[in-house]
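Biologist: Hi, could you walk me through this one? I'd like to go through it bit by bit.
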Amino acid sequence: MATAELAGKHLVLGMSGGIACYKIAELTRLLTKAGATVQVVMTEAATQFITPVTMQALSGRPVYSSQWDGRVPNNMAHIDLSREADAIVIAPASTDFLAKLAHGMADDLLSTLCVARDCPLLVVPAMNRQMWQNPATQRNVAQLRADGIEVLGPDSGPQACGEVGDGRMLEAAATYEAIASFFQPKILAGRRVLLTAGPTFEPLDPVRGITNRSSGKMGFALARAAQQAGADVHLIAGPVALETPWGVIREDVQTAQQMYDAVMRAVPDYDIFIGVAAVADWRVDQVSEHKIKKTAGRIVPAFNFVENPDILASVAKLPHAPFCVGFAAESGDLDVHGEQKRVRKNVPLLIGNLGPLTFGLDDNEVVLFEAGGATKLPRAGKQALAGTLIAEIARRLPDTSLIR
Ligand code: CTP
C-alpha cells in the first residue's frame with residue numbers, strides 16, 4: 001500500500017450480518033491508514049457479530065445502524081450519510097443483503113442508503129458455498145453486475161461452517177487492494193504488461209550462488225500500478241520475499257536463463273515489456289554437482305564465467321517487439337551511462353535510478369531517458385513513483401501497439 005493513496009476519499013462502509021464481519025475491523029484500519037475517511041453503517045444483524053464500539057474506535061467516527069437514529073437531523077440519515085461519499089462498499093455482503101440490493105428494497109438504514117445513493121456501489125460477498133451457488137443468489141449477483149455494481153470476490157477455500165468452496169469473503173488486504181484499484185483511472189485498459197523484477201540467483205554449487213541487492217520493490221510496485229491502471233499484468237520475479245500484488249499473475253524463477261526463457265515464452269501475448277529485474281550478467285560455466293568442500297591446505301576455488309543472455313535487448317530485437325522500457329542502476333555518471341544503455345538496448349524509454357543506489361529503500365528518484373532528451377522526476381515513494389511511471393509509459397504508447 002502506498003502512504004495516503006486514498007487521501008481525500010470518503011467511503012461509506014456498510015456491514016451486513018455474517019461471520020466475515022471480523023475481517024472488516026482490519027479492512028477499516030487499512031482504509032484509514034491509507035488516508036480515507038470511513039463512515040461505518042451496520043445492519044442490525046452485523047451488530048450481532050462485531051460491536052459498533054469496535055468499529056467506531058477503528059474508524060474514528062460514530063457508527064449508525066438505525067434509520068431512526070436521533071443523531072442525524074430530520075431522520076435523513078439515509079441521505080446525509082452518503083451525501084459526500086466517493087463510494088459505498090458493502091462488506092461483508094450477505095446473501096440476504098445481495099437479494100435486497102438486487103430488488104431495490106429499502107427496509108433498513110443500510111439498504112435505504114444504497115437505493116438513495118449518488119455514487120458507485122461495491123459489494124464484497126461472504127457466505128456459505130451452497131448459499132453462493134444457489135440459483136437465486138447467482139441471479140441476484142448477475143442483476144447487480146448488470147446494474148453497474150462492482151462485485152469483489154468471493155474467494156474460495158475453507159469456510160466457517162467447515163465446508164470448502166466458493167463464497168468466503170476476500171481477505172481484508174485483498175478487499176483493500178480491490179477498492180484502491182477501483183479508484184485509479186484505467187489508463188492501461190485493454191493493455192497487457194509483462195515485467196521482470198528482483199535479482200537473479202546464479203548457483204555455484206547446490207548450496208551457494210551469486211545474487212545481487214535488488215529487493216524487487218520497484219518492479220512489484222510497477223506491477224501493482226499497471227494492474228490498478230486496468231492492464232492484464234504478468235510478473236516474472238527472481239527470488240524475493242514480497243507478496244504478489246493483487247490481480248497480478250506471477251511466475252517465479254531463479255536464474256537469468258530461466259528468466260529469459262519465461263519472458264520469451266510469454267512475450268508474444270504482451271503489448272508492453274518493462275525490464276526492472278537486476279539480471280546477473282554472468283553465470284559460472286560448470287555448476288558443481290556437489291558442495292565445494294573447504295579441505296585443509298587446498299587452494300581457494302576459481303570459477304569460469306560465461307555471459308547470460310540480455311533479456312531486454314533480446315525482446316527489443318523481436319520482429320513484433322512490444323513497447324520496451326528498461327531500468328538502469330548505476331553507481332556514477334548516470335547521464336552518460338543511461339542514454340548509452342538506452343541506445344545500446346534499442347529501447348524507446350529507459351528509467352535511470354539517480355544515485356545513491358536505492359536497493360531495498362522505499363523511495364526513489366529517477367531520470368527518464370528517451371530520444372528527445374532526459375527528464376528528471378521528483379523523489380517519491382516507490383509506489384507513488386510507480387503510478388507516475390505507468391502514466392508516463394501510457395502517454396508514450398504508440399496507438400498501434402494494440403494491433404500486433
Ligand atoms: N537486463 C536484462 N538482461 C540482462 C541484463 C540487463 O534484461 N542480462 C535489463 C535490466 O532488467 C534493465 C536493463 O537491462 O532493464 C539494464 O540493466 P543493467 O544491469 O543496468 O545493465 P547491463 O546491461 O547489465 O549493463 P552494465 O552491467 O554494464 O551496467
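Biologist: Where does glutamate 392 lie?
Modeller: Glutamate 392 is in helix H14, residues 382-396. Helices here are DSSP runs of H or I with at least four residues, strands are runs of E with at least two, and both are numbered from the N terminus. This is a predicted model, where local features need pLDDT of at least 70, side-chain atom pairs count only at pLDDT 80 or more, and totals for chains, interfaces and linings use all residues. Residues are numbered from 1 along each chain as its sequence is written, and side-chain values use heavy atoms, with hydrogens and water left out.

Biologist: Thanks! Is glutamate 392 buried or exposed?
Modeller: Glutamate 392 counts as buried because its relative accessibility is 14%. Buried means under 20% relative accessible area, exposed means over 50%, and partly exposed is in between, using a 1.4 Å probe and protein chains only.

Biologist: And what does glutamate 392 touch?
Modeller: Leaving out residues up to four places away in sequence, glutamate 392 touches Leu368 and Leu377. Contact means heavy atoms within 4.5 Å.

Biologist: Now the strands. How do E6 and E7 pair?
Modeller: E6 (residues 155-158) and E7 (residues 164-168) are antiparallel, with four bridges. Two strands pair if DSSP finds at least two bridges between them.

Biologist: Which residues other than glycine have a positive phi?
Modeller: Aspartate 333 is one of them, at about 50 degrees, and asparagine 346 is another, near 60 degrees. Most residues other than glycine have a negative phi, and most peptide bonds are trans. Aspartate 333 lies in the loop between strand E16 (323-329) and helix H13 (334-345), while asparagine 346 is in the loop between H13 and strand E17 (349-353). Aspartate 333 is exposed at 57% relative accessibility, and asparagine 346 is exposed at 56%.

Biologist: You mentioned peptide bonds. Which ones are cis?
Modeller: Among them are alanine 91 to proline 92, with omega near -5 degrees, and glycine 153 to proline 154, with omega near 0 degrees. Proline 92 is in strand E3, residues 87-93, whereas proline 154 is in the loop between strand E5 (150-151) and E6.

Biologist: Last one: where is phenylalanine 49, and how accessible?
Modeller: Phenylalanine 49 is in helix H2, residues 46-49. Phenylalanine 49 counts as partly exposed, because its relative accessibility is 44%.
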